[in-house]
Amino acid sequence: MMEVNRDSPNEKIQGLVLASPQLFDEMEHNAKLEHMIFSFTPKKLNVLRDFSTVMAFLINIIIIQSYEWEPYKESDTQVENNAKLRYDDTFGNADTLIDILGIIQLVTSVLMLIFSFIIRGPLTVKSRWRQFVAENKQDQTEVIDEDELKIYNSIEEMPPSLARKILLLKGPESKWFYPHQKRSFGHKLITIEYYWRSFVFLVEDNAFKYMLFYLVVSVLGMAFTKIFYSLHMIDIVNRFETLKNVIKSITYNANQLILTAILGIIVIYVYSIVGFHYLSETYKSGDGEYLCTNMYQCFLSTLNYGLRSGGGIGDFITAQTYAEENRSSYFFRYLFDVSFFAII
């Protein structure tokens, strides 16, 4: 319902009509959930997500307060590079505490995935099957001969090829698959295809992929390094509509932004060619190292310092003197720096 266009009364009505199959599916599914032994509700899923967010913040607060590097140890003959990560005693045994919270976070992530699968899974599969059938009908590469269907009394009597056409063009909710109020596809291959496609539809769902990613991050944090727990903090974007809109404003114009970035890189590449041929001796770091000794290095230096310097590449490379014997080089640098700043 949140995606229904509300720009005008007619569009509201049209959006409601188009969304009616999903609304009926949702009401029917929620009724089934209420009669289960354990009530799986969106409200409980939100409670789990809130709890998981609290765990994520606690883990990262401990990490930011406790992580530090051991200093280098000096010997009589050399300085040994034996720096390693350790925890201070701000939170007592921080490593153990993070492990405990990590286990709680892992269990919570598993429960969130289960809740999401039970609450959203059937609705997602139904919606994607409805969309898939509509696309197949529009494609018209395969059609069903209705006269041929009259020959058979049940799906079991049909050849698998015809049963498959019914699945692809009428969907799993077709009356042919409900001979006795219980769904039956009549053929093992058709049953396998139905469950396989349903699984693919579920995996392709963004909400399911997000919950799976959340669980994978918990596993990586437990098994490898606790730095992975910082990725859980990104969940805050999914909790506030304002932050969602910020992300949408970027992803909505992603193609234009990518093309603009490519154009910028090409222009910088042109400037790096000019810099390599005429200004390579001015590309020097603070300790006097030349950073434009070959074309590849010159391009990377122009891209790096040209974008990060507030005034463009001119803020990084060595300035030219205004002396009379160097006047032409000065004006060349002037055009080079100002045009780079104006264009890039």
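**Exercise 1.** Which helices are among the elements that cover the buried residues of α10?

*Solution.* This is a predicted model. Start with the helix itself. Helix α10 runs over residues 295–308, 14 residues in total. Its first and last C-alpha lie 20 Å apart, close to the 20 Å expected at 1.5 Å a residue. Next, list its buried residues: C298, F299, S301, T302 and G306. Now look at what lies over them. The cover includes α9 (254–278) and α11 (327–343).

**Exercise 2.** Explain why the buried residues of α10 line one face of the helix.

*Solution.* Begin with the general rule. An α-helix has 3.6 residues a turn, so residues three or four places apart point the same way. Then view α10 down its axis. The buried residues fall within an arc of 165 degrees, so they line one face. Check the other side: Y296, L307 and R308 are exposed there.

**Exercise 3.** Find the side-chain contact at the start of α10.

*Solution.* Go to N294. A side-chain oxygen of N294 comes to within 3.2 Å of the backbone nitrogen of Y296.

**Exercise 4.** Locate the disulfide and describe its geometry and burial.

*Solution.* Count first: the structure has one disulfide. Its partners are C292 and C298, with an S to S distance of 2.0 Å. Read the angle about the S-S bond: -85 degrees, a left-handed link. C292 and C298 are both buried.

Conventions:
Residues numbered from 1 in each chain as written. Predicted model: local features only at pLDDT ≥ 70, side-chain atom pairs only at ≥ 80, totals over all residues. Heavy atoms only, no water. Disulfide = S-S within 2.5 Å. Buried < 20%, exposed > 50% of the residue type's maximum accessible area, 1.4 Å probe, protein only. Helix = DSSP H or I, 4+ residues; strand = E, 2+ residues; numbered from the N terminus. Expected span 1.5 Å × (residues − 1). Arc of directions from axis to C-beta. Contact = heavy atoms within 4.5 Å. Polar contact = N/O pair within 3.5 Å; in protein donor to acceptor, adjacent residues only side chain to side chain.
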